[in-house]
Amino acid sequence: METVLYEIGDLVYAAEDLFNDGGMPGVDDEDALLVPTGTRGVVVHFGHTELEPKQEIYLVRFENGPDGTLGDPIGVLPEELTQEVAAA
């Protein structure tokens, strides 16, 4: 039975700094910081990885500016997300 932690449309936050693993189109620096800890985003899709079918992955569009504009979707593992607002 499939366990889904987050649904499409859920508000989430980056639980840790998210770095490019080389799979982000348009980002040349493989180790570039994509999303800092605590950044708010929304789940836009979810599924499983091809190499490990039991491993969930979420596509999340994180805010990328002071106006709340959402950036391109980023593939994120469940342990890299939280619904807890980071303490300021």
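Reader: How many helices and strands are there in the protein?

Author: Zero helices and seven strands. Here helices (H or I, at least four residues) and strands (E, at least two) are DSSP runs, numbered from the N terminus. Read from that end, the elements go β-β-β-β-β-β-β. Keep in mind that this is a predicted model, where local features need pLDDT of at least 70, side-chain atom pairs count only at pLDDT 80 or more, and totals for chains, interfaces and linings use all residues. Residues are numbered from 1 along each chain as its sequence is written, and side-chain values use heavy atoms, with hydrogens and water left out.

Reader: In what order do the five strands of the open sheet stand?

Author: The general idea: strands of a sheet pair through backbone hydrogen bonds, either parallel or antiparallel. Two strands count as paired if DSSP finds at least two bridges between them. In this model the order is E6-E5-E4-E1-E7, with antiparallel pairing. E6 and E7 each have a single partner strand, so one side of each is left without a neighbour in the sheet.

Reader: Which residues make up the largest nonpolar core?

Author: First, the idea: such a core is a set of buried Ala, Val, Leu, Ile, Met, Phe, Trp, Tyr and Cys residues joined through side-chain atoms within 4.5 Å. Buried means under 20% relative accessible area (1.4 Å probe, protein chains only). This one has 12 residues, among them Tyr-6, Val-12, Leu-18, Val-43, Tyr-58, Phe-62 and Ile-74. E1, E5 (56-62) and E6 (74-76) each give two or more residues, and the largest share, three residues, comes from E5.

Reader: What does Val-60 touch?

Author: Contact means heavy atoms within 4.5 Å. Leaving out residues up to four places away in sequence, Val-60 touches Val-12, Gly-41, Val-42, Val-43, Val-44, Asp-72, Pro-73, Ile-74, Val-76 and Leu-81.

Reader: What percentage of the protein's residues count as buried?

Author: 26% of the 88 residues. As for contacts between residues at least 6 apart in sequence, 45% join residues at least 24 apart.

Definitions and conventions:
Buried < 20%, exposed > 50% of the residue type's maximum accessible area, 1.4 Å probe, protein only.
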